[in-house]
Amino acid sequence: MPTYCITGTNRGLGLEFVRQLSQSPENTILALTRSLSSDLGPLKEAIAASSSPANTHILECDTSNLLSIHTFSKEAGKILHPLGKKIDFLLNSAAVNPASWQSSLSLGPDDLSHQINVNVVGPAKTVEFLLGSDLLAKDVRILNMTSGLGSLSVSSGIKPRKCAGYSISKAALNMLSVHQAEDLKAKLEGAVVIVMDPGWVKTRMGGEGAVMEPEDSIQDVLRVLHGLKKEDNGKFFHHSGETIPW
Ligand SMILES: NC(=O)c1ccc[n+]([C@@H]2O[C@H](COP(=O)([O-])OP(=O)(O)OC[C@H]3O[C@@H](n4cnc5c(N)ncnc54)[C@H](OP(=O)(O)O)[C@@H]3O)[C@@H](O)[C@H]2O)c1
């Protein structure tokens, strides 16, 4: 009876995680959203159509805001502690790519800071605060959603290069994950932290030219996630299950 915690679930791949995972009445889901004032219509519809709507809890968590992440971790404790549950799968899906046209020669400092805040500091503090609140299971699986653009090897082969600030933030997320993989193991022996590239997917971020449907991408991602072994800790996966060079 696993518990999932997913960031950025009001749309995109986060929403698709909720759609698929809420089909099983066994799953408890914490569905996080940047703001409870956002349009939560599609998320609420997905929950209403699920097998057991009461098992999915919508919570506010703005991953660019430390107070918001901290408040969320306390709220999560109020839900999970009385149930005797901890988070088995933490899926850090929320991210931004606000200035895809910027190159390394035209980086906007505010845009870059925002991407680092949401895409890197957010997953770091989410893990830290949940660990501090004793909410991570001893064999927790943590998926930090990255991109092929965060791979130095892959990115160096792409011409013309694109999304400089976003790529920098995802490369930083990859490095964060390598550190988390080791640091967390010292606290939770069975923890596994990975990064995964979901493919180029038709969401607001992926755009209309993308090649994959969200349902296919997330089916793949969940297959890899559920097959993870202890020795996969600290690896960079493609949604197909292949590993990607750093
Ligand atoms: N789609 C692709 O082709 C693709 C490719 C490679 C990697 N990825 C990665 O896959 C993940 C999901 O991407 P996506 O395609 O679903 O993107 P998306 O459609 O743009 O959705 C992004 C989600 O992140 C949330 N978010 C943004 N800033 C936030 C914040 N400060 N706090 C909390 N939530 C925040 C958004 O909420 P709001 O609506 O409130 O802003 C939204 O729910 C990301 O990590 C992305 O980098 C996607």
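Here is a short chat about aromatic rings in this predicted model.

Biologist: Is the pair of Y4 and F89 stacked or tilted?

Modeller: The ring centres of Y4 and F89 are 4.7 Å apart, with 10 degrees between the planes. Planes under 30 degrees apart count as stacked, so the pair of Y4 and F89 is stacked.

Biologist: How many residues apart in sequence are the parts that Y4 and F89 tie together?

Modeller: Y4 belongs to strand β1 (residues 3-6), while F89 belongs to strand β4 (residues 87-92). The pair therefore ties together parts whose separation in sequence is 85 residues.

Biologist: Is Y4 buried or exposed?

Modeller: Buried means under 20% relative accessible area. The relative accessibility of Y4 is 3%, and F89 has 13% and counts as buried. Y4, then, counts as buried.

Biologist: And F236 with W246: is that pair stacked or tilted?

Modeller: Their centres lie 5.3 Å apart, and the angle between the planes is 45 degrees. Under 30 degrees would be stacked and over 60 edge-to-face, so the pair of F236 and W246 is tilted.

Biologist: Where does F236 lie?

Modeller: W246 is in the segment after β7, so the pair ties together parts ten residues apart in sequence. F236 is buried at 1% relative accessible area, whereas W246 is partly exposed at 39%. F236 itself lies in strand β7 (residues 236-238).

Biologist: Last one: which residue lies over the face of W200?

Modeller: This residue is 5.6 Å from the ring centre of W200. Its name is K162.

Conventions. Residues are numbered from 1 along each chain as its sequence is written. This is a predicted model: local features need pLDDT of at least 70, side-chain atom pairs count only at pLDDT 80 or more; totals for chains, interfaces and linings use all residues. Side-chain values use heavy atoms; hydrogens and water are left out. Rings of Phe, Tyr and Trp (its six-membered ring) pair if their centres lie within 6.5 Å; planes under 30 degrees apart count as stacked, over 60 as edge-to-face and the rest as tilted. Helices (H or I, at least four residues) and strands (E, at least two) are DSSP runs, numbered from the N terminus. Buried means under 20% relative accessible area, exposed over 50%, partly exposed in between (1.4 Å probe, protein chains only). A charge sits over a ring if NZ of Lys or CZ of Arg is within 6 Å of the ring centre and within 35 degrees of the ring normal.
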